[in-house]
Amino acid sequence: MPEDRGDTEGRAEGTEVLAAGDFDLLASVVAADLPALGRSVHGLIGGLKGVRSTRTRPGITLYSEGGDWRMRAMEPSGHAELSTPRASRPTVYSAHMHHRPPPGDRALLEALGRDGRLGYTDLGAATGMSEHTARRRLQRMIRDRDITFRCDLAHPVAGLSTVVLYRAAVPHTHLEGTGNALARMEEVRLAVSISGSDNLLVMVRLRGLHAIDPFEAHLAERFPNLTVNDRTVFLHSRKRMGRLLDATGRAIGHVPFSLPQV
């Protein structure tokens, strides 16, 4: 049974995962508003041949996501040469898209989605605008956090062969503190509050199935108010950030991201 996590602000990780648990497929879904999310999940996904049921868990507050995650593999001298990372802070989702990007911004998003290393000259050529315009537009989008950059890797090759998704319940008075603390844990790649009785979704990357029990013991010791109600092990990530992945986690194709028509 697919389970679809809705992102109703117009941003999504573009993730599709085969899972071992009480559902077979986990998908991140992007929509302009809640009605559009319902149509996408129940109409489009639910209408696919072989889909027996869907369950939707809209995200509410994002405490950390893949772009915040760090391998901590660089030497301090190399890390110092990087630009100052943005301050990690919770992002509250909205039930409506704040604004629809104009055509020029969408063209930049599509070009960078294909190749995030493009310079301003190449961006201008790819989008039909001048280098100056491409630079000005992109810098504004970065400043307004309409676009972010991240470097990902083939996690199985890096020794992080096991991904576990936890659905947990936390008393509301402890939710923000727990979410922020989880976001600072080395193993945590995603922490987001969601709708439903299980109000917290946590994704972790571990070095094997043998690492699950020690991690959960640490979780129970550090967060006594957190109750894990379900754990799902990922069998294979089919797509991440618009990139189709092979069995080793290496990119083998690209699916362009486009906003739905409204």
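Asp105 sits in helix α3, which covers residues 103-114; helices here are DSSP runs of H or I with at least four residues, strands are runs of E with at least two, and both are numbered from the N terminus. This is a predicted model, where local features need pLDDT of at least 70, side-chain atom pairs count only at pLDDT 80 or more, and totals for chains, interfaces and linings use all residues. Residues are numbered from 1 along each chain as its sequence is written, and side-chain values use heavy atoms, with hydrogens and water left out.

Is Asp105 buried or exposed? Asp105 counts as buried because its relative accessibility is 3%, where buried means under 20% relative accessible area, exposed means over 50% and partly exposed lies in between (1.4 Å probe, protein chains only). Setting aside residues up to four places away in sequence, Asp105 touches Arg137, Arg140 and Met141, a contact being heavy atoms within 4.5 Å.

The buried residues of α4 are Leu123, Gly124 and Thr127. These residues cover an arc of only 100 degrees around the axis, so they lie on the same side of α4; the arc is that of the directions from the helix axis to the C-beta atoms. The buried residues of α4 pack against α3 and α5 (131-143). Over on the other side of α4, Thr121 and Ala125 are exposed.

Thr121 is worth a stop. Helix α4 spans residues 120-127 and holds Thr121, whose side chain makes a polar contact of 3.0 Å with that of Glu131. (A polar contact is a pair of N or O atoms within 3.5 Å; within protein, one must be able to donate a hydrogen and the other to accept it, and residues adjacent in sequence count only if both atoms are side-chain atoms.) Thr121 and Arg135 are 14 residues apart in sequence, with 8.7 Å between their C-alpha atoms. After α4 comes Gly128, with a positive phi near 75 degrees.

Helix α1 can be read in a similar way. Its 12 residues (34-45) should span 16 Å at 1.5 Å a residue, and the end C-alpha atoms are 15 Å apart, which agrees; the expected span is 1.5 Å times one less than the number of residues. The buried residues of α1 are Ala36, Leu37, Val41 and Ile45. They sit on the same side of α1, because they cover an arc of only 130 degrees around the axis. An α-helix has 3.6 residues a turn, so residues three or four places apart point the same way. Arg39 and His42 are exposed on the other side of α1. At the start of α1, a side-chain oxygen of Asp33 comes within 2.8 Å of the backbone nitrogen of Ala36.

Now for the cores. The largest nonpolar core has 21 residues, and Leu182, Leu200, Val204 and Leu226 have the most contacts inside it; such a core is a set of buried Ala, Val, Leu, Ile, Met, Phe, Trp, Tyr and Cys residues joined through side-chain atoms within 4.5 Å. Two or more residues each come from β7 (162-169), α6 (172-183), β8 (188-194), β9 (200-206) and α7 (212-222), and β9 gives the largest share, four residues. Leaving aside neighbours within four places in sequence, the contacts of Leu200 include Tyr63, Tyr166, Leu182 and Leu226. A second, separate core of 14 residues includes Ala19, Phe23, Tyr93 and Leu190.

Stepping back, the chain has seven helices and 12 strands, and 40% of its 262 residues count as buried.
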